[in-house]
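Please look at the sequence and the structure as I display them.

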Amino acid sequence: MVEGYGIVFKEVIKMTFKSIELSDLELIKKEYISYFNNYEEGEWSVESVSRKFRQLTDRFDYLGVGLFSEGIMIGFAVGVLSQFDDGLIAILNELFIVKEEQSKGYGSLLLKEFEKQMKNNGAFRIQLESANDDPHKKF
């Protein structure tokens, strides 16, 4: 586990990073569905999110990092290492922060930890594909 700190309303909150697997993603499934269905016009169901989470985690060279506040997961970053002729590239497949914790810098903290762990596993570059719409412009 790695610890980090976030500042919310001038209050210091201890954050913990932890490697995560499929069972850990189950802890945040409800928030994931709620966010995408209510704020991004999604039509996710428990079944479709369960399948997506399995697809994200059941992969060779998978790496998942969860961000926890007081023991509760508030976000995650998941991806894989992909071999190229000149080395390993990290591919960030999903970055998610629960709605109530967005715009507080937690996504940036999580991304930095994900990058660090991927680099420690041999990646020399990170790639991300993102939708080209207003909610995703900052990526």
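I shall begin with Asp 24, which lies in helix α1, spanning residues 22-25. Please bear in mind throughout that this is a predicted model. Is Asp 24 buried or exposed? With a relative accessible area of 12%, Asp 24 is buried, because the cut-off for that class is under 20%. Apart from neighbours within four places in sequence, its contacts are Lys 18, Ser 19 and Met 73.

I turn now to a pair of helices. Two packed helices are described by the angle between their axes and by the distance between those axes. Helix α2 covers residues 29-39 and helix α3 covers residues 46-57; their axes come within 10 Å and cross at roughly 110°. The two helices are therefore roughly perpendicular. The crossing of α2 past α3 is right-handed.

Which residues meet there? From α2 come Lys 29, Tyr 32 and Ile 33, and from α3 come Val 46, Val 49, Ser 50, Lys 52 and Phe 53. By class, the residues of this contact comprise five nonpolar, one polar and two charged.

Finally, I would draw attention to the backbone. Most residues other than glycine have a negative phi. Glu 41, in the loop between α2 and α3, has a positive phi of about 55° although it is not a glycine. Glu 41 is exposed, at a relative accessible area of 77%. Glu 70 likewise is not a glycine, yet has a positive phi of about 50°. Glu 70 sits in the loop between β3 (62-69) and β4 (72-84), and its relative accessibility of 70% counts as exposed.

Note on methods. Residues are numbered from 1 along each chain as its sequence is written. This is a predicted model: local features need pLDDT of at least 70, side-chain atom pairs count only at pLDDT 80 or more; totals for chains, interfaces and linings use all residues. Side-chain values use heavy atoms; hydrogens and water are left out. Axes are lines fitted to C-alpha atoms, for helices over the stretch in contact, and angles run from 0 to 180 degrees between N-to-C directions. Helices (H or I, at least four residues) and strands (E, at least two) are DSSP runs, numbered from the N terminus. Angles under 35 degrees count as roughly parallel, over 145 as roughly antiparallel, 65 to 115 as roughly perpendicular and the rest as oblique. A crossing is left-handed if the near helix is turned anticlockwise from the far one by less than a right angle, and right-handed if clockwise. Contact means heavy atoms within 4.5 Å. Ala, Val, Leu, Ile, Met, Phe, Trp, Tyr, Cys and Pro count as nonpolar, Asp, Glu, Lys and Arg as charged, and the others, Gly among them, as polar. Buried means under 20% relative accessible area, exposed over 50%, partly exposed in between (1.4 Å probe, protein chains only).
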